[in-house]
Amino acid sequence: MIRTPRTLVGGAPTATYVLRFDGRELTAQAGQSIAAVLWGAGILAWRTTREGGPPRGAFCGIGSCYDCLVTVNGRPNQRACLVPARPGDRVTTQEGTGHAELGV
């Protein structure tokens, strides 16, 4: 669902839309990465590791470290800092390798 455009300070209107993270509706702005949308909603961790399950979120923010992996529309191992948010995306917390969702 695309929402009414918002105007940024000193800028042009920006379209906003909704994506879902673990079932929760979040508002995204055109051009944001999934990590930016999650940060904007106060969500700082969205993955757990294979060994022991400690939480992880963004570390480098430029796609080098793989700490920000999420599952997007059923595809695991997507780097949230690089993947652009799109209207209607279904993003979920990734646990371990993320392959359980694919039956691997």
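Leu69 sits opposite Arg79 in β7. Before I go on, this is a predicted model, where local features need pLDDT of at least 70, side-chain atom pairs count only at pLDDT 80 or more, and totals for chains, interfaces and linings use all residues. Residues are numbered from 1 along each chain as its sequence is written, and side-chain values use heavy atoms, with hydrogens and water left out.

Now, the strand names. Helices (H or I, at least four residues) and strands (E, at least two) are DSSP runs, numbered from the N terminus. Two strands pair if DSSP finds at least two bridges between them.

Back to β6 and β7. They pair antiparallel, over three bridges. Two residues lie between the strands of this hairpin, and Asn73 there takes a positive phi near 50°.

β6 has another partner. Strand β8, residues 90-92, pairs with β6 over two bridges, again in the antiparallel sense. Thr71 has Thr92 as its bridge partner in β8.

Which residues cover the faces of strand β6? Leu69 and Thr71 are on one side, Val70 and Val72 on the other, and all are buried. Buried means under 20% relative accessible area, exposed over 50%, partly exposed in between, with a 1.4 Å probe and protein chains only. In a regular strand the side chains alternate between the two faces of the sheet.

Next, Gln78. This residue is in strand β7, residues 75-79. Is Gln78 buried or exposed? Its relative accessibility is 16%, so Gln78 counts as buried. Its side chain reaches the backbone oxygen of Pro76 at 3.1 Å. Leaving aside neighbours within four places in sequence, Gln78 is in contact (heavy atoms within 4.5 Å) with Cys68, Leu69, Val70, Val72 and Val83.

On to the core. A nonpolar core is a set of buried Ala, Val, Leu, Ile, Met, Phe, Trp, Tyr and Cys residues joined through side-chain atoms within 4.5 Å. The largest one has 19 residues, and Ile34 and Trp46 have the most contacts inside it. β2 (13-21), β3 (24-29), α1 (34-40) and β6 each give two or more residues to this core. The largest share, four residues, comes from α1.

Last, an open sheet. Three strands run in the order β5-β4-β9, with mixed pairing. β5 (55-56) and β9 (94-95) are the edges, each with a single partner strand, so one side of each has no neighbour in the sheet. Strand β4, residues 47-48, runs parallel to β9, joined by two bridges. Thr48 has Glu95 of β9 as its bridge partner.

Conventions:
Polar contact = N/O pair within 3.5 Å; in protein donor to acceptor, adjacent residues only side chain to side chain.
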